Amino acid sequence: MDGIRTEIKHWVELFFGVKVIAMNSHRLRGKARRMGPIMGQTMHYRRMIITLQPGYSIPPLRKKRT
């Protein structure tokens, strides 16, 4: 896991031009879904919380629709 975290940190710093000071992550389980008689589950995913050095920010990636 540690290699993935350093790689994500590297790409965030390179792509957005910011300095990362901390990264936290947690794994979110998928939700149970039913399609008729068949019970299934959505995908699990991992959420990363990235803390930037003071003075740096990342602009919103998409504009709100009006």
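Two strands count as paired when DSSP finds at least two bridges between them. With that in hand, here are some close-ups of this predicted model.

View 1. Strand β2 covers residues 32-35, and strand β3 covers residues 38-41. The two run antiparallel and are joined by four bridges. Together they form a hairpin with two residues between the strands. Have a look at Gly 36 in the turn, where phi is positive at about 70°.

**View 2. Ala 32 and its surroundings.** Ala 32 belongs to β2 and stands opposite Gln 41 in β3. Setting aside neighbours within four places in sequence, Ala 32 is in contact with Met 39, Gly 40 and Gln 41. Lys 9 lies 23 residues from Ala 32 in sequence, and their C-alpha atoms are 32 Å apart in space.

**View 3. The largest nonpolar core.** Five residues make up this core: Val 12, Val 18, Val 20, Met 23 and Leu 52. Met 23 also touches Arg 5, Ile 8, Lys 9, Met 48, Ile 49 and Ile 50, when residues up to four places away in sequence are not counted. In soluble globular proteins, nonpolar side chains tend to be buried together.

**View 4. The aromatic pair.** The structure holds one such pair. The ring centres of Phe 15 and Phe 16 are 4.9 Å apart and the planes meet at 90°, so the pair is edge-to-face; the cut-off for that label is over 60 degrees. Phe 15 counts as exposed because its relative accessibility is 66%, over the 50% limit. Phe 16, with a relative accessible area of 29%, is partly exposed.

Conventions: Residues numbered from 1 in each chain as written. Predicted model: local features only at pLDDT ≥ 70, side-chain atom pairs only at ≥ 80, totals over all residues. Heavy atoms only, no water. Contact = heavy atoms within 4.5 Å. Core = buried A, V, L, I, M, F, W, Y, C linked by side-chain atoms within 4.5 Å. Buried < 20%, exposed > 50% of the residue type's maximum accessible area, 1.4 Å probe, protein only. Phe/Tyr/Trp six-rings, centres within 6.5 Å; stacked < 30°, edge-to-face > 60°.
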